[in-house]
Each structure stands twice: as C-alpha cells, then as structure tokens.
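Dear colleague,

Please find below the structure I promised to pass on to you, with its sequence.

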Amino acid sequence: MVRTAQERVVARVREAEVVAAALSAGRNVVLEGPPGTGKTTLLRALADGTGVPLVLVEGNAELTPTRLVGHHDASRVLSEDYRPENFVPGPLTRAMTEGALLYVEEFNRVPEETMNVLLGVLSEREMHIPRYGRVPARPTFRLVAAMNPFDAVGTARITPALYDRSCRVAMGYQDEDAERAVVTAATGSPDPLVHRAVRAVRITRDHPELRIGSSVRGAIDTVLIATELAVVRGSTEVDERTGADAALAALTGKVTVADGLTRPVEDVVSDIWRRAGEELGKP
C-alpha cells in the first residue's frame, strides 16, 4: 500500500504511512490541507495498493442526503410502486455495499444534514433507507474527508463528532526541493524555468497583498504555458517576456488578493515573477 503511494507522491512518506495505518486499523480519516498538496493522489495510490475501490464525491452545497444516499427511479415508481429493484444507489450506498473508501472532497462545504447522515453511518456502520431497507457497511468501508481549513468562504464548521470518529492528518505544502521534483515530473522542463516557477508560487503564499497563495499547480501551469508560448513565438527558449506572460496566465486566477488591495492582481504577480528571478540570480 505505502510503496504504491511512494511511487506516485513526492516526499509524502510519513503521511502515506500514517493514513495507511489508520485505514488498516479500521479508522476513518480527515485530511486537512490547502489545494495542490497531493491529498487525492495519495488516497488513490493507497486504494490502488490495497485493491480497495475508491468512490469519489465532490463536496458542495448541492450534495443533499438524497444525492449522497440514492433515490428511487421516479418513472419506475409510477409503474411499479416503490420496490428495491428501482432504487438507484448514491455514492454512500455504493461505497458501503462495495466496501470502498468514500472520499469526500471539500467536506466542509457539505450541508449539515448531509454530514449528519454520514455521522450516523460512522456510528452504526449501517443505514436504513425508507422503502428500500437496511444497508450494512462491509468491513473495508471507510470515510476519508478532505478539506482546506484556510478557505472560509462558503464553508461550514465541522462538528467535533466527526473528529471524534476520525483520525486527522495534516498535509501542508511540501518543501521547495519536493515541489521542484513535482513540477519536473509533471512537465519534463529544464531546471531554471522550474526553479523560478516554484519560487514564484512559494512567494505568493506569504505575500502581504495576497490572502491565499497558489498551490504547486500554479508552477506546473506556468512551466507548461511558458514552454508552449515560446514555440508559438518562434523561439527555442523561454525569455523574460514569455515567462512573465505565462506566470500571469497561470497565477492570477489561482491567488486571492487581500482585502483592500487597490492595484490589479496582474501587477502583484508581475512583481512576484521578477522577485523570483532576482532571488535565483536572474537578470
């Protein structure tokens, strides 16, 4: 299990070991960390390593209990009445019956009534669905809830009952060397461009004019766009103008400006790109 995760996720040995141990011990897991820190990749690798199915659910305000649990096919109900055969299982029901890992992304965006359904399942290891019957959870069923604790917009407070029934694993940003390795593996681009893109996204995370910085995806996109943009412009190398234009395209939508910022985000990102070059000895 852990070996598969180590092959796919850079510098996440400790997290892979802890999550694998928690799941093997029969525990549910809360993964907390900003976007782009490898939460989904890590869990997919662990699931593949054990052969346990993975049922992925995107958490949002539209994830009602009915969408999570399932529903009876309305057209068949009209002709057949309510019968177990015309029930359409939702992701929770599928995960319970298949013994899968139910992975709910952005868990703190899920409505409270939907969270309560999940808490009931975690407590009882079964669920009763009206006009369908009892659904027991197979032994390998687990809930893995992922969330970004730094994003307060459109999110809800997580009840202590969830933490009481789960084990929490924090996944922060990796160090600079690890992020360079991630970007190099994703792009296959030369070191100077990768180093500058990674340095730039790391600057965004502590910049006084930004409330939320970019994940490593911003560096990956910067490198990929810059490489292709150089080709479009008939060059074999990424010059200063091309790199700056790529950074603007890749980063301005991935950062959130601080309250009260009066100048355009494009100016902030342009300054960050220049600063990254200066710190790495670029002209």
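A crossing is called left-handed if the near helix is turned anticlockwise from the far one by less than a right angle, and right-handed if it is turned clockwise. In this predicted model, helix α10 passes helix α13 in a crossing that is right-handed by that criterion.

To stay with that pair, the axes of α10 (residues 191-204) and α13 come within 8 Å and cross at roughly 125°, an angle that makes α10 oblique to α13. On the α10 side the residues that meet α13 are Leu193, Arg196, Ala197, Arg199, Ala200, Ile203 and Thr204, while α13 brings Ile272, Trp273, Arg274, Arg275, Ala276, Gly277 and Glu279 to the contact. Sorted by class, the contact of α10 with α13 holds seven nonpolar, two polar and five charged residues.

Helix α13 (residues 265-279) also packs against α12, at an angle of about 130° and with the two axes 9 Å apart. The helices α12 and α13 are therefore oblique to each other, and their crossing is right-handed. From α12, Glu240, Gly243, Ala244, Ala247, Leu248 and Leu251 take part in the contact, and from α13, Glu266, Val269, Ser270 and Trp273. These residues of the contact of α12 with α13 divide into six nonpolar, two polar and two charged.

Gly218, Asp221, Thr222, Ile225, Ala226, Leu229 and Ala230 of α11 meet a set of α12 residues made up of Thr242, Asp245, Ala246, Ala247, Ala249, Ala250 and Leu251. By class, the contact of α11 with α12 has nine nonpolar, three polar and two charged residues.

Two notes on the aromatic rings remain. A search of the whole structure finds one aromatic pair. Separately, arginine 205 lies over the face of tyrosine 173, at 3.6 Å from the ring centre.

Key:
Residues are numbered from 1 along each chain as its sequence is written. This is a predicted model: local features need pLDDT of at least 70, side-chain atom pairs count only at pLDDT 80 or more; totals for chains, interfaces and linings use all residues. Side-chain values use heavy atoms; hydrogens and water are left out. Contact means heavy atoms within 4.5 Å. Helices (H or I, at least four residues) and strands (E, at least two) are DSSP runs, numbered from the N terminus. Ala, Val, Leu, Ile, Met, Phe, Trp, Tyr, Cys and Pro count as nonpolar, Asp, Glu, Lys and Arg as charged, and the others, Gly among them, as polar. Rings of Phe, Tyr and Trp (its six-membered ring) pair if their centres lie within 6.5 Å; planes under 30 degrees apart count as stacked, over 60 as edge-to-face and the rest as tilted. A charge sits over a ring if NZ of Lys or CZ of Arg is within 6 Å of the ring centre and within 35 degrees of the ring normal. Axes are lines fitted to C-alpha atoms, for helices over the stretch in contact, and angles run from 0 to 180 degrees between N-to-C directions. Angles under 35 degrees count as roughly parallel, over 145 as roughly antiparallel, 65 to 115 as roughly perpendicular and the rest as oblique.
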